[in-house]
Amino acid sequence: MYGPDSEQKDVFEEVGAPIIKGIIEGFNGTIFAYGQTGSGKTFTMEGPDHHDSRLKGMIPRMFQGLFNLIDEAEEEIEFTVKVSFLEIYMEKIMDLLDPKKSNLSVRRDPNQGVYVKDASEVYVNNPEEMLGVMEAGSRNRSIASTRMNAASSRSHSLFVCTVFQKNTKNDSTKIGKLCCIDLAGSEKTMKTNATGQTLEEAKMINKSLSALGNVINALTDSKKSKHIPYRDSKLTQILQESIGGNSLTCLIIT
């Protein structure tokens, strides 16, 4: 548990750094922030200043940590890193790097695995370029005002980073995928005074979060649950390969 005196770096070192190490080893890794509207999810994941050494959040620190490990890798390992930035709003997947792309679909391919069709992908060479992609996408997120939070996120945002490795000596390859997710805030409508479109958004947000909870419960109680309900929401469809199986997952509850 982290109290009010905890620093951003403390959270990263305990829960973020092991996931980044796993990505380099070929695992998929996912980190969530979950909590009520206004509880500090975006502060934890992104931070109020992406470039401030003390205030920057988990995602900027994971970018830097990833490239630190790439720089430390053996010379015969070649790395290719690509990123995409998606938003799930009212159960519709939108491309935050190209707002003209909306209502995208989730597909599965024997070679490619689970992916979002037509989502923009940007190749990056350093953490600064990754930050630039995230900042560009963040400006396109769906925001609405509620009584509990004047800048409440009405959507889930998913920053997806795929790391491809090739060993030039023996031609072996390794792939790891990192998903950094800032979940929309759960809400009690009596507290937020939400009405109209904002109320409908709140209902959809809570339904999506319930679907995620059901998947996590099924994964952690395999004796009782033989079926994992990934198809109950767009979020859990996208994360099929990132929260079950060959993956490392961390849920930060704010």
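## A tour of strands and pockets

Of the contacts in this chain with a separation of 6 or more, 66% are between residues 24 or more positions apart; contact means heavy atoms within 4.5 Å. Please keep in mind that this is a predicted model, in which local features need pLDDT of at least 70 and side-chain atom pairs count only at pLDDT 80 or more, while totals for chains, interfaces and linings use all residues. Residues are numbered from 1 along each chain as its sequence is written, and side-chain values use heavy atoms, with hydrogens and water left out.

**The whole chain**

The chain has 7 helices and 11 strands. Both kinds of element are DSSP runs numbered from the N terminus: helices are H or I with at least four residues, and strands are E with at least two. Of the 254 residues, 49% count as buried. Here, buried means under 20% relative accessible area, exposed means over 50%, and partly exposed lies in between, using a 1.4 Å probe and protein chains only. The accessible surface of the chain is about 13,100 Å², and 48% of that belongs to carbon and sulfur atoms. These areas come from the Shrake-Rupley method with a 1.4 Å probe, and for residues only the protein chains shown count as cover.

**Strands side by side**

Start with strand S1, residues 28–34, where 6 of the 7 residues are buried. Which strands pair with S1? One of them is S11, joined to S1 in the parallel sense over 7 bridges. S1 also runs parallel to S10, with 5 bridges between them. Two strands pair if DSSP finds at least two bridges between them.

**Two residues with a positive phi**

Most residues other than glycine have a negative phi. Where is Asp171 found? Asp171 sits in the loop between S9 and S10. The hairpin of these strands has 5 residues between them, and there Asp171 takes a positive phi near 65°. Asp171 counts as exposed because its relative accessibility is 53%. Asp118 also has a positive phi, of about 70°, although it is not a glycine. Asp118 belongs to the loop between S5 and strand S6 (122–124).

**A buried isoleucine**

Now look at Ile88, which is found in strand S2. Is Ile88 buried or exposed? With 3% relative accessibility, Ile88 counts as buried. Leaving aside neighbours within four places in sequence, Ile88 is in contact with residues including Ile93, His156, Leu158 and Ile238. The C-alpha atoms of Ile88 and Ser102, which are 14 residues apart along the chain, are separated by 9.7 Å.

**Two pockets**

Rolling a probe the size of a water molecule over the atoms shows where empty space is left. On a 1 Å grid over the protein atoms alone, a cavity is a set of points where a 1.4 Å probe fits but cannot get out, whereas a pocket is an open set with protein on both sides within 12 Å along at least five of seven lines; lining residues have an atom within 4 Å of a point. Grid points are joined across faces, edges and corners, and a volume is the space filled by probe spheres set on the points.

| Pocket | Volume | Largest share of the lining |
|---|---|---|
| Largest pocket | about 580 Å³ | S2, 5 residues |
| Second largest pocket | about 460 Å³ | S11, 4 residues |

The largest pocket is lined by 24 residues, and the closest to its centre are Lys82, Gln112, Val114, Thr162 and Lys177. At least two lining residues come from each of strands S2 (77–89), S5 (113–116), S9 (156–167) and S10 (173–182). By class, this lining has 12 nonpolar, 8 polar and 4 charged residues. Ala, Val, Leu, Ile, Met, Phe, Trp, Tyr, Cys and Pro count as nonpolar, Asp, Glu, Lys and Arg as charged, and the others, Gly among them, as polar.

The second largest pocket has 20 lining residues, with Tyr2, Gly3, Ser6, Val11 and Thr44 nearest its centre. Helix H1 (8–24), helix H2 (41–45) and strand S11 (247–253) each give two or more residues to this lining. The lining of the second largest pocket divides into 11 nonpolar, 7 polar and 2 charged residues.
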